Amino acid sequence: MNIKKYFPLISKRFLLYYYSRNSSRTGYGKRNTLMKSLPSERRLITVLFILALFCALILLCACSSEETIDVRAGALTSATPPAAETTTVSPLMTTGKTVHSAVTSTALPPETTSTAADTVSAETTAVVTESAATSATAAASTAPASSVTAVAETPPTSYVFTRTEDIPYETEIRYSDEHFDDDTTVLREGIVGKKVYTTTLLYRAGRPIGNYIDERIQTYPQNEILLMGTKASHTSEIEVRTSDIPYETERVSDGSLPLGEEKLITAGKSGVLKETYEISYYRGEKESETLILQEREEPVNEVIAVGTYIAPEPEPEPTPESEPTPEPEPTPEPEPTPEPEPTPEPEPTPEPEKFRLPYLVAGEVSGKYIGRNYSITQNYGNGGHGGLDIGVWYGEAIVASMSGRVVTAYNNGAFNPATDKSMLWTYGTFVVIEHENGMRTYYAHMSKKFVSVGDYVQAGQVIGESGNTGRVSPAPTASKPYAGTHLHFEIRVYNSKTGKYTRVDPMDYLK
């Protein structure tokens, strides 16, 4: 906006007021008389109104100048700065008006710094100002064409700073019930976007006059897509297993029964072992099983009474006295009797069977097993020990010490350590054989057993393999799976007074 067109009106009103106060010098007597005729309050209001009008015109002129600068700044983004500072004045003829344009490039002022990450470009452009055109028009209308003077106005210089910023991508998750919940598949990789910020600073003669910031997206981000399964990978189920616990046969002495006669007192009844396992599966494959509950119904042992009564022999009846016999008549001489044939000697009775070592000794071979000599690691009675511990290697043959029938055969884990008061769980996998002499032998801590209850075995027959099941010391570990391997061997003799089998020193019978 040009303020000069308002100057004649302002000057006219001001001169009217001024000459009305000095009528003697100006000759405007009538106007002086008119002003004097106004009340003093109205004169004061008129003066204040004129002063306020001047202030408003000054502010309007300042605002008009700032708008002109902003319009020029918007046109400075396409020009390329020259290598050195130059000033060019050229007359332009447009509809009878003479317009001058100036192009100037200056260096970055001292208070402005630039970094390596910013791209600075100085841009200049030729600006044709409205005020310059108006002045040229006014001058052309009041003076000859030959007397027109060129007026150069310095355009602002712009500096552009560019900064790039990453736009993070988002992750989109899709679910599938055909995949397991620990499976994650990347369907599409994410791509980071780019945003460019452009800051333009305007300077005129080394002084900042304005700035503006522009932002635009150079590349849009691409979201990452993941596929996650919902099918459970870890599952479990409960399984209940039931097995029979065989009963044992106990023989008690009964003096009322004849010697060797047997009588059933209590019928045997097998027990029931009910075990509950939690079986874990991973992706449908069995991973492990854990014993969580064990219920045991104890067996009822069979009791048989064995007679021990021996009947006394009857006294011989007295023979009557014989009557005196008459004298015998003379008999003829007897014929000679033939000599009696010699009686054959009685056949020798076989010696009773003796106990042998419960393993194959050096020189013995049974199938794939080859005998070796082993040493005793713990004797009977040592610290309350009820048998012999023999250091038979893991997996070597264990044989029956004497012929007999298998009365007990358990695998490791058949007894619950928390409820088993008989402490049989400490034997692990073990076998009990009852022999014809009424004695029993125990073979404990085996890794495998090859016989069952009711089987009749011969002395030296393989009944299992040595191991470290049950309670052994040292206990086996993952790094030492064969620790504690040995054979625990016992011999028990039936006690008719207590009706139970009592442990004895096996060395007294193995000699």
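## Basis of the model

The model is predicted, and local features need pLDDT of at least 70, side-chain atom pairs count only at pLDDT 80 or more, and totals for chains, interfaces and linings use all residues. Residues are numbered from 1 along each chain as its sequence is written, and side-chain values use heavy atoms, with hydrogens and water left out.

## Overall architecture

The protein chain has six helices and 27 strands, where helices (H or I, at least four residues) and strands (E, at least two) are DSSP runs numbered from the N terminus. Of its 511 residues, 29% count as buried; buried means under 20% relative accessible area, exposed over 50%, and partly exposed in between, computed with a 1.4 Å probe on protein chains only. Among contacts (heavy atoms within 4.5 Å) with a separation of 6 or more, 69% are made by residues 24 or more positions apart.

## Pocket and cavity

Rolling a probe the size of a water molecule over the atoms shows where empty space is left. On a 1 Å grid over the protein atoms alone, a cavity is a set of points where a 1.4 Å probe fits but cannot get out, whereas a pocket is an open set with protein on both sides within 12 Å along at least five of seven lines; lining residues have an atom within 4 Å of a point. Grid points are joined across faces, edges and corners, and a volume is the space filled by probe spheres set on the points.

The largest pocket has a volume of about 1000 Å³ and is lined by 40 residues, with Ser422, Leu424, Tyr427, Arg492 and Arg503 lying nearest its centre.

## Nonpolar cores

A nonpolar core is a set of buried Ala, Val, Leu, Ile, Met, Phe, Trp, Tyr and Cys residues joined through side-chain atoms within 4.5 Å. The largest has 24 residues, and those with the most contacts inside it are Val431, Ile433, Tyr443 and Ile463. At least two residues each come from β19 (388-390), β21 (404-410), β22 (429-435), β23 (440-449) and β26 (487-495), and β26 gives the most, with three residues. A second, separate core of 12 residues includes Ile245, Tyr410, Leu424 and Val432.

## Two residues in strands

Ser176 lies in strand β5 (residues 171-180) and counts as buried because its relative accessible area is 13%. Its side chain is joined to that of His179 by a polar contact of 3.1 Å; such a contact is a pair of N or O atoms within 3.5 Å, where within protein one must be able to donate a hydrogen and the other to accept it, and residues adjacent in sequence count only if both atoms are side-chain atoms. Not counting residues up to four places away in sequence, Ser176 touches Leu227, Met228, Gly229, Thr230 and Lys231.

Thr199, in strand β7 (residues 193-204), is partly exposed, with a relative accessible area of 23%. Its C-alpha atom is separated by 6.0 Å from that of Tyr212, 13 residues apart along the chain.
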